[in-house]
Structure formats: structure tokens, C-alpha cells
Amino acid sequence: MSSILIRNVRILDPVNGMDTVGEIFIRDGSFAPVTAPDADTQIIDGTGLTAAPGLIDLHVHLRDPGQTDKEDILSGCRAAAAGGVTQLLAMPNTKPSVDTPEIVRYIAEKAKNADARVHIVGAITKGLGGHEATDIAALRQAGISALSDDGVPVLDTSIMVAAMQKAAQTDINIPVTAHCEDPYLAGGKVNEGAVSRALGVKGMPCAAEDAGTARELALAESYGLPIHICHVSTATSAAMIRDAKKRGVRVTAETAPHYLMLTEEALLQRDADYRMNPPLRTERDRLAMIEALKDGTIDAIATDHAPHTPQEKADFVQAPNGSIGMETSFAAAYTVLVKGGILREAELIRKMSVNPAHILKTYGGTLSVGAPADLMLYRAEEWTVDPEKLHGKSKNTPFKGLTLAAKVKLTIYQGRIVFNEL
């Protein structure tokens with residue numbers, strides 16, 4: 001494998017406390033001590049660019065197997081690379097769901113040639129039905145990196161507890177990620193409130209998410225087991241997680257860029273690209289997500305990347321929930337949090353690379369010599385999101401038409417350039 005030398009680049013590595021202009025050398029897929037380039041070395045001028053560890057997205061739907069008209073493993077990883085994402089956690093609500101070793105092996109085999117590392121989530125219950133447990137030991141042996149029924153909550157609480165216990169007994173104590181929702185309160189199309197009433201559609205109350213969050217926190221506290229809370233969107237859920245952390249509960253949490261930048265007001269356009277689950281909430285909830293990131297209540301920013309076809313999204317009420325996000329995640333988060341004066345750039349990298357690496361128990365989050373060479377180069381420049389120029393199969397982005405304040409220009413995965421817009 002040829003080597004790469006990046007010159008005159010700002011090096012941002014929060015793990016090593018680095019924020020300096022210098023050189024980065026990559027050889028044989030790893031970061032290496034800087035040496036004189038040879039004839040085969042690719043030299044990149046990093047002037048005006050910032051180098052940071054590759055991002056790790058803890059929440060992605062690749063739709064493969066079963067719905068590859070929306071996305072597949074290779075196209076999803078191309079979109080990831082265009083957003084600086086070098087590792088991602090692929091959720092199990094495929095068709096069929098990831099509930100057998102055979103499906104795990106299918107994904108792992110197809111991901112070998114992808115432009116990012118795909119970590120596979122195994123289903124907690126068969127078919128995500130909520131009632132019949134999967135063989136977690138067999139799924140782990142096949143290669144899963146986490147457990148979840150994401151897309152829906154685990155209905156049977158005893159099965160959820162058993163999954164948390166079995167996850168803690170695996171070789172690396174794989175994480176359990178929880179879609180927090182009370183199904184008896186859920187089922188609406190948008191956040192319940194003034195906007196749902198104005199639209200004349202069924203609303204989804206914050207209580208649906210909050211009740212689910214409370215259950216998972218109670219299980220984690222009672223049994224002394226870790227839990228990761230997915231896509232936090234309400235002020236109350238954030239407050240409960242904050243209080244639980246103060247009591248020593250082993251909980252981590254994520255939110256998504258759309259909950260930081262947008263509110264339920266976007267739904268007044270009757271455009272289904274703004275419909276996701278949990279739904280966009282109020283300005284109070286948006287500000288609560290920002291505060292929870294700032295004070296460490298929420299550990300990570302993930303996308304909940306959920307591709308759908310234009311035909312599916314055409315009908316506002318009947319359309320499935322979900323929006324894409326990997327290609328815009330860093331830019332959107334940077335716009336709200338860094339340009340907005342909430343977080344320093346190093347803190348944003350912690351939320352999108354360092355902390356996700358710890359939660360997922362994977363490498364990454366650093367540019368240290370000897371570490372696998374996962375890296376992104378970005379520039380603080382404005383650009384307007386054009387869905388047709390995005391790299392995945394689906395175009396259902398809630399950031400369309402918005403001007404963002406940072407742009408990923410180049411991504412290196414395992415020492416290989418997988419995206420280049422320099």
C-alpha cells in the first residue's frame with residue numbers, strides 16, 4: 001500500500017490534546033512517524049484544512065438486505081465517506097431482520113469492500129417482534145458488535161433485561177442500544193401539539209419517548225447494567241438521563257443533528273422528508289438537546305440515517321418515517337454547535353468520534369501513530385445542501401436548501417482515500 005503525506009494541515013486530535021499545524025504521514029493503513037516521502041508517496045497540501053479522526057456514526061439504517069432500492073451497504077458507505085464517517089453501526093431492521101447468523105455473515109461479507117467499516121447490530125427479538133428472543137451468543141459469534149431492536153422498542157421487558165445481561169457476558173461486553181418508545185402512546189405522524197393540530201394529523205406525544213426512556217433507565221439502574229439511549233429528542237428524556245448519570249447509572253446517549261437544527265415548525269410545509277421517529281419537537285426541546293450535549297448528558301451525535309425513495313415520501317401522511325443524514329451530519333452539527341459558539345471543534349470531534357469509539361468498543365477517535373488511518377479533512381466553508389448532489393441512493397434529507405458552515409473535503413479509511421473533493 002502506498003503512503004500518504006498531508007502537509008501544512010491543522011491537526012485536531014482531542015485524545016492527544018493536539019491542535020497545531022503540521023504533517024501527517026500514513027503508511028500501510030496506519031498513522032506513522034513523519035518521514036521523507038518516497039517516489040510512491042501521495043502528497044496532499046492541507047493548507048486551510050483541518051485533519052480530525054474519522055467520524056463514527058452509532059445509528060445507521062443501510063436497508064440491506066431487503067430494501068436495496070433505498071440504500072445498500074456499498075452506497076451507504078459511499079455516503080458515509082462523503083460525510084467523513086469511517087465507521088458506522090448498522091441497525092437490524094432490514095428485511096429479513098438481523099436475527100440469524102446467516103444474515104450477519106451476509107452483511108459482513110458484503111461490507112468487506114465498502115468505503116467505511118460496518119459494525120453490525122443483532123436483533124434482540126426475532127423479526128423485531130418484541131416477544132421471542134434471538135440466540136445472542138450465536139449472533140455474537142457470527143460477528144455482531146451491538147444489540148438492539150431499533151425501529152421499535154423491545155415489548156417484553158424480561159427479554160430486554162436478559163439481552164442486557166447476555167450482552168454484558170460477551171467477550172467485549174457489547175452495547176445494547178435502546179429505541180425508547182411506549183407503543184401504546186406512539187403511532188402519530190408528528191410531534192403532538194400546535195403543529196399536529198394545525199396539520200390535522202395524529203400527534204406523537206413526548207410522553208411516548210419519555211416513558212420508554214424511563215423504563216430503560218430503571219432497568220439499567222436496578223440491574224447495574226449499561227444501556228445506550230438512541231435518538232434523544234425531548235427535554236424530559238434528557239433531564240432523566242442527566243439525573244440518572246448523577247446517580248451513577250451506566251447510561252450513554254445520542255441525539256441527531258436534525259434535533260439540534262430543526263423544530264416541528266418545519267412540518268408545516270407538509271413535506272415528509274421532515275418526518276422521522278422520534279419526530280421533530282419544539283424549540284424548548286431543541287435547546288434542551290444543545291444543553292445536554294454541552295454539559296455531557298448526551299455523549300454522542302449520531303444520524304439515524306434512514307433512506308426512503310421519493311415515491312414513498314411523496315404522500316405526507318402515508319410516508320414512512322426517516323431521513324438521511326451521514327453526508328450532512330458533521331456540517332450541520334458544526335453549524336449549530338461550533339459556529340453557534342456552543343462547543344469548541346475538539347469537543348464536537350469528541351461527540352462524533354472519540355465518545356462513539358468508546359461506546360462501541362472500537363478503535364478510532366485519534367490520529368496517534370500506530371492507529372488505523374481513519375481521517376477526515378474539512379474546511380470551514382459555506383455550502384448549500386442539494387439533495388441531487390448527495391452520494392447515497394435516497395435523497396430524503398431534512399437539510400435540503402440549508403446553508404451549512406463546514407464541508408468535508410477528503411476522507412481516508414484504513415489508509416485509503418475513499419472520498420476526495422479537494
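Strands E7 and E8 (residues 117-123) pair in the parallel sense over four bridges, and in this predicted model Gln 87 of the pairing stands opposite Arg 117 in E8. Strand E7 itself, which spans residues 85-90, is mostly covered, with six of its six residues buried.

**Strand E7 and its other partner**
- Strand E6 (residues 55-60) also runs parallel to E7, and four bridges join the two.
- In this pairing Ile 56 stands opposite Gln 87 in E7.
- Between the two strands the chain passes through helix H1 (residues 73-82), and the β-α-β crossover from E6 to E7 is right-handed.

**A covered helix**
- Helix H11, made of residues 329-338, is mostly covered, as ten of its ten residues are buried.
- Its buried residues include Phe 330, Tyr 334, Val 336 and Leu 337, and Ser 329 and Thr 335 are also among them.

**Backbone geometry**
- Most residues other than glycine have a negative phi, and most peptide bonds are trans.
- The peptide bond from Asp 64 to Pro 65 is cis, with omega near 15°, and Pro 65 is found in the loop between E6 and H1.
- A cis peptide bond also joins Asn 277 and Pro 278, where omega is about 0°, and Pro 278 is found in the loop between helix H8 (257-261) and helix H9 (283-294).
- Asp 28, although not a glycine, has a positive phi of about 55°; this residue is in the loop between strand E2 (18-27) and strand E3 (30-32), and at 53% relative accessibility Asp 28 counts as exposed.
- His 231, which is not a glycine either, has a positive phi of about 25°; His 231 lies in the loop between strand E13 (227-229) and helix H7 (235-246), and is buried, with a relative accessible area of 2%.

**A buried charge without a salt bridge**
- Glu 71 is found in the loop between E6 and H1, where this residue is buried yet has no salt bridge, the nearest side chain of opposite charge being that of Lys 393, 6.4 Å away.

**Salt bridges**
- The structure holds 26 salt bridges.
- One of them joins Asp 38 to Arg 27, with the closest N and O atoms 3.9 Å apart; because Asp 38 lies in the loop between E3 and strand E4 (42-45) and Arg 27 in strand E2, the pair ties together parts that are eleven residues apart in sequence.
- Asp 38 is partly exposed, with a relative accessible area of 39%, and Arg 27 is partly exposed too, at 32%.
- Arg 247 and Glu 221 meet through their side chains in a salt bridge of 2.8 Å, N to O, which links the loop between H7 and strand E14 (251-255) to helix H6 (residues 206-223), with the two residues 26 residues apart.
- Lys 400 forms a salt bridge with Asp 271, the closest N and O atoms being 2.6 Å apart, and the pair ties together parts that are 129 residues apart in sequence.
- Salt bridges that share partners join Arg 379, Glu 381, Lys 407, Lys 409 and Glu 421 into one network.

Definitions and conventions. Residues numbered from 1 in each chain as written. Predicted model: local features only at pLDDT ≥ 70, side-chain atom pairs only at ≥ 80, totals over all residues. Heavy atoms only, no water. Buried < 20%, exposed > 50% of the residue type's maximum accessible area, 1.4 Å probe, protein only. Pairing = 2+ DSSP bridges. Right-handed = clockwise from strand over helix to strand, strands pointing away. Lys, Arg positive; Asp, Glu negative; His and termini not counted. Salt bridge = Lys/Arg side-chain N within 4 Å of Asp/Glu carboxyl O.
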